[in-house]
There are 4 protein chains.
Amino acid sequence: MQIAMVGLGRMGANIVRRLMRDGHDCVVYDVNPDSVAALVAEGAVGASDLADLVSKLEVPRTVWLMIPAGLTGSLVDQISPHLEAGDIIIDGGNSNYHDDVRRAAALKDSGIHFVDIGTSGGVFGLERGYCLMVGGPDEAFAHIEPVLRTIAPGSGDVERTPGRTGELAPEELGYLHTGPSGSGHFVKMVHNGIEYGIMAALAEGLNILKNADAGVREAEHSAEVAPLEEPEFYQFTIDTPKVAELWRRGSVISSWLLDLTAAALAENPTLDGLAGRVSDSGEGRWTVKAAVDVGVPAPVLAASLFERFASRGEDHYANQVLSAMRLQFGGHHELPAGDVLEAGGRKAE
Amino acid sequence: MQIAMVGLGRMGANIVRRLMRDGHDCVVYDVNPDSVAALVAEGAVGASDLADLVSKLEVPRTVWLMIPAGLTGSLVDQISPHLEAGDIIIDGGNSNYHDDVRRAAALKDSGIHFVDIGTSGGVFGLERGYCLMVGGPDEAFAHIEPVLRTIAPGSGDVERTPGRTGELAPEELGYLHTGPSGSGHFVKMVHNGIEYGIMAALAEGLNILKNADAGVREAEHSAEVAPLEEPEFYQFTIDTPKVAELWRRGSVISSWLLDLTAAALAENPTLDGLAGRVSDSGEGRWTVKAAVDVGVPAPVLAASLFERFASRGEDHYANQVLSAMRLQFGGHHELPAGDVLEAGGRKAE
Amino acid sequence: MQIAMVGLGRMGANIVRRLMRDGHDCVVYDVNPDSVAALVAEGAVGASDLADLVSKLEVPRTVWLMIPAGLTGSLVDQISPHLEAGDIIIDGGNSNYHDDVRRAAALKDSGIHFVDIGTSGGVFGLERGYCLMVGGPDEAFAHIEPVLRTIAPGSGDVERTPGRTGELAPEELGYLHTGPSGSGHFVKMVHNGIEYGIMAALAEGLNILKNADAGVREAEHSAEVAPLEEPEFYQFTIDTPKVAELWRRGSVISSWLLDLTAAALAENPTLDGLAGRVSDSGEGRWTVKAAVDVGVPAPVLAASLFERFASRGEDHYANQVLSAMRLQFGGHHELPAGDVLEAGGRKAE
Amino acid sequence: MQIAMVGLGRMGANIVRRLMRDGHDCVVYDVNPDSVAALVAEGAVGASDLADLVSKLEVPRTVWLMIPAGLTGSLVDQISPHLEAGDIIIDGGNSNYHDDVRRAAALKDSGIHFVDIGTSGGVFGLERGYCLMVGGPDEAFAHIEPVLRTIAPGSGDVERTPGRTGELAPEELGYLHTGPSGSGHFVKMVHNGIEYGIMAALAEGLNILKNADAGVREAEHSAEVAPLEEPEFYQFTIDTPKVAELWRRGSVISSWLLDLTAAALAENPTLDGLAGRVSDSGEGRWTVKAAVDVGVPAPVLAASLFERFASRGEDHYANQVLSAMRLQFGGHHELPAGDVLEAGGRKAE
């Protein structure tokens, strides 16, 4: 089928390539003419502006926006006057699902369908395909299903879940109609919240392994700080890059994020040059806020988010307050930097 | 090579089968003679007791114990008098690594090697192979490497980590010498701690999805409880079994634990009959205690453990105390069971 | 000075009483005429409706709303047409500070000042006074300071903070101008977030004390579940009501919430009749959401909130998912209710 | 009554002073003769070594050890040969209760009573008295009750808990017999665990207040990072020292730790010179380990401990791993130091 793509960054361009490979017709636009030209060279139809783009589409028109979330609202406003009832706008970016709900409501009277698609797959999506979570009206979903089927990974070499039989369901091919507008980004948001939790579980575990030599290091520090209570149990020097590689095979925690961890540690075994200031995107935050809104406990997801905040020093004032309190109630002075081991430290308070 | 297996439960028996398939000679013993007979019928040499078992072994003897952790100490005490310097005792069960450290120290003078092997793989290990984390002396590791290579999954269809070249390293075949005695179970312990974290991340995320209809349910409860602040954002009825299946393909959280989740939800989509009382084994607990000992933050791993405790009602007294305090300071009475939504509840305190 | 009070529930009526005791003139209104009559009998001027109320006020008029947060918006809309530039509307309820920011902006053109006051003190406020966090324009704060001074606790018998000298500052008298409109409820919101954390710390600690006899109870359960690893260390039967009372004297955790805990446990030492279903009001939730918005880690405050959600069973689906996963990967069946101790439980996974 | 004190540091010396003021006879010893001389000048009987100390005591002898926990075992070993059945050794330091249980068992055959006393009160104890949690045999408790009564704060100006009548119970005077040997330090351990939780709740809350100006600071950073979603709600510049002072009066979170916070912020409002590297003593760690042992959820207490670990950089390796993973799956580079606000940051993953 025919589809328009607005926004030809890495993901937008790769989705277009994946679509063209499978025989779909793509009309493409980007504020950067070079990006347009590159895809035209590969077989796409280029557009010089949004009006031009729309004029090149067959009815019902389908326009996929693959742009930074902050620009989506403006683009929808610019393009919707050119569209008519039955046409479809797809937001494939990382918008907050609140915006989807608002945009779908705003477009309702015009009859233009708003479809939000959460996409996961990262830089590997061109080859592996993208996992697609699709929110929007049934009619619109049915219309775009052919392109979804192309963009999605398909069943690939993933073993079929026991008990599933017959024709492969959409979710077995890597795309799913999750419900009305907003639900696609909602499911993607929670997906990323889970991703934070899994990443944190792996990172915390590896940190414990890394510190399994505390009993050895302890000896070096014996003069300055109180001893570990049982140093004999922390005499291990664990090779974390090898362990990450090992766990990829046959272990119950094998996962794509573990694959990435193993790859990262193979590439840079000592993690040189990494300051450990971990960014977070909106999804992890929105997930925690959604959990709070609906009253569902999410301590693991929240903890993984808060660890990222702390990694960037956002716990600083709280820690200063704690140090200040300790000074007050017992004259406890802060340890100088470097005295990090104090497993058996005692205070009389 | 030749190896003895003591303990022919599911895992012990399957490891023997996997070894025999690959041409190793197995001498087997269990307190249950039927278990012995079953494997003898498949080609193993049976033993009538521990002395008999040892008498059938070539020097250096290798005895693998695959028994409940609570019995390991007693078995080591019973079997070691029959062994001599250079022989090897393997504990392949789920022992606390503290016990390994103690046992290796106790055996030191005898010259008997103590090797602890953390094994992951569950009921699927017979086919997939077991991921093996091996602690113990270099000499003993070298001696048993042929059997490790058989029991481990091998490289299988796991894609090679970018940057790794040349002959496959042991960790790429699914087994690793992690360090001295105790380190195998230590690494396995942390592995299970991570497993708890990943499981919890998935479960919390799915719970948020399940409750994405809070705005719909809210309407039903409007008379009894205060309204959600923005019910328009929680109008989704998400099909969690389909979402779990979807994420298996192309998403960054694809993982074996997600595969299991999808399988569980395919088999029992409504989770009928499950009370949600989640057990925990020792490893998750030991991981948190190790993190505390070495002074490494592990909020995600700890939270995942504490959720399990709470699932079994172990938070009950704390919650009663909270209710009692609320009664004191504002006359706030507990809601009756059933009034679970109170997102916008207000109190004047 | 003269002030109008709208909403004569427990807190509104008690504030009026505290004001009249100190010589202020109060004009009062409530939808319930009996509530009006009761205070008129104590010396207040009654009003029959909002127009009547406003007509009885001297310029600049000051109207304090002490009503459920859900009704504040409607009341502001009803009363503001009767007011004029320089008049003051006070919201003394538990509104979300977002609403204050919006209301102040909406009233800006009219010249009516909007003041939000977070009040803490509960049922004890009539005698102890209320702690007041006041957001709004300087001019309005200056005008109402006399009533704030009366409603606040004053310096009372609280020891002066070392280093503070000279005339008592407002914060030493129990009221503070925290900044522009919204800041009063913002500070109160965080105050309640902290309250949740303190309550949870006390409740968790008492729960640990309550379970210090796990080694004793263990013996009873020995047939069903695996033993505690070191039962000799959990042989204590701690009298938690006595401990709570003890800590009120000389300990570093002495606090008003501990006083309440001791009172609750003195009244009902076994906490009979409390199901432990702990409600939460909006403030704890908003605090966590604010922390997420500004990117500040708040794991303790979030955990205390999530514990309340879990106490009401909102973790149920997550726990079912965990049980379902465990069934999949190892055939682990849930323990029947009652087998809650499994400290040393083992699984072979 | 007569009592010996070994260890004349700040707490030991102050306890002796408090005892002598109330007419008790104190025999004192310290490795530092000047410390002995100082108290002799105030009326104590000095001892030149442990044998001398014991020789000066009436039967049954009572020896209070107030020394670093690491030295207690050695002192008990040195002094017990000089004692006989019916004599009492008190450990008033911060020992792990495990050690008490072991020491009481080791002394059992000798008939010497071992009493462990958890003491809270810090530098203010000389004036305020110390809160005493006492574990040990009934007979020993009864014998030392007169000195406990002196050291404890007494009822002071703490309001009596409603419902308590008649003669003041020991816990109302600030000391309590908590059970057998070990239980005193166990209760003190949990007390300190709670203390960590309360401190963290206050620190996290103040940190949120401190960052209530994120919407203002956001504007400065607009070029570098994505905007806060709703900057209009984070326009407050809160004076945290004033807020801490305010909350001391009439609020539900008034507490001694809040008093200290207010004092700390009055003394150093900008917290200059504090790096925020927060130490922890053993008790917080032991509390979490005890919770894990008995299977009781303690997410708040654990989170408060882990925040301290993170404040000292112990999360570094975990954070490096997270950064390394993010680099792998999306080419996400770390933000340079300084770009700490990224509330609306987006990533395409």
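This is a tutorial dialogue on reading selected features of a predicted model.

Student: How do I read the radius of gyration of chain A?

Tutor: Set the value beside the one for a compact globule with that number of residues. For 349 residues the globule would have a radius of gyration near 20 Å, whereas chain A has 26 Å.

Student: What share of the residues of chain A count as buried?

Tutor: The cut-off to keep in mind is a relative accessible area under 20%. In chain A, 68% of the 349 residues count as buried. The accessible surface of the chain comes to about 11,200 Å², and carbon and sulfur atoms account for 52% of that area.

Student: And what do the contacts in chain A say about sequence separation?

Tutor: Here you take contacts between residues at least 6 apart in sequence and ask what part of them joins residues at least 24 apart. For chain A that part is 63%.

Student: How many positive and negative charges does chain A have, and how far apart are their mean positions?

Tutor: Chain A has 27 positive and 49 negative charges, and their mean positions are 1 Å apart.

Student: Let's go to single residues. Where is A:Thr150, and is it buried or exposed?

Tutor: A:Thr150 is in helix H7 of chain A, which runs over residues 138-151. A:Thr150 is buried because its relative accessible area is 9%, under the 20% cut-off. Beyond the neighbours within four places in sequence, A:Thr150 is in contact with A:Arg18, A:Leu19, A:Asp22 and A:His24.

Student: Which residues does D:Thr261 touch?

Tutor: D:Thr261 belongs to helix H12 (residues 256-267) of chain D, and at a relative accessible area of 1% D:Thr261 is buried. Leaving out residues up to four places away in sequence, D:Thr261 touches A:Val321 and A:Met325 from chain A, together with D:Leu202, D:Leu206 and D:Ala244 from chain D. For a distance, take D:Arg248: D:Thr261 and D:Arg248 are 13 residues apart in sequence, and their C-alpha atoms are 9.9 Å apart in space.

Student: What about B:Leu173: which residues is it in contact with?

Tutor: B:Leu173 lies in helix H8 (residues 170-173) of chain B and is buried, with a relative accessible area of 12%. Apart from neighbours within four places in sequence, B:Leu173 is in contact with A:Arg249 of chain A, and with B:Arg149, B:Ala152, B:Pro153, B:Gly154, B:Ser155 and B:Leu168 of chain B.

Student: Now the backbone. Which peptide bond in chain B is cis?

Tutor: Look at omega. The bond from B:Val59 to B:Pro60 is cis, with omega near -5 degrees, and B:Pro60 sits in the loop between helix H3 (50-55) and strand E4 (62-65) of chain B. In chain C, the bond from C:Val59 to C:Pro60 is cis, also with omega near -5 degrees.

Student: What is the phi of B:Leu271?

Tutor: When phi is positive, check whether the residue is a glycine. B:Leu271 is not a glycine, yet its phi is positive, at about 55 degrees. B:Leu271 is in the loop between helix H12 (256-267) and helix H13 (282-294) of chain B, and is buried at a relative accessible area of 0%. For C:Leu271, phi is near 55 degrees, and the relative accessible area of 1% makes C:Leu271 buried.

Notes: Residues are numbered from 1 along each chain as its sequence is written. Chains are lettered from A and ligands numbered from 1 in the order in which they are written. This is a predicted model: local features need pLDDT of at least 70, side-chain atom pairs count only at pLDDT 80 or more; totals for chains, interfaces and linings use all residues. Side-chain values use heavy atoms; hydrogens and water are left out. The radius of gyration is taken over C-alpha atoms; the globule rule is 2.2 Å times the number of residues to the power 0.38. Buried means under 20% relative accessible area, exposed over 50%, partly exposed in between (1.4 Å probe, protein chains only). Contact means heavy atoms within 4.5 Å. Accessible areas come from the Shrake-Rupley method with a 1.4 Å probe; for residues, only the protein chains shown count as cover. Lys and Arg count as positive and Asp and Glu as negative; His and the chain ends are not counted. The place of a charge is taken as NZ of Lys, CZ of Arg, CG of Asp or CD of Glu. Helices (H or I, at least four residues) and strands (E, at least two) are DSSP runs, numbered from the N terminus.
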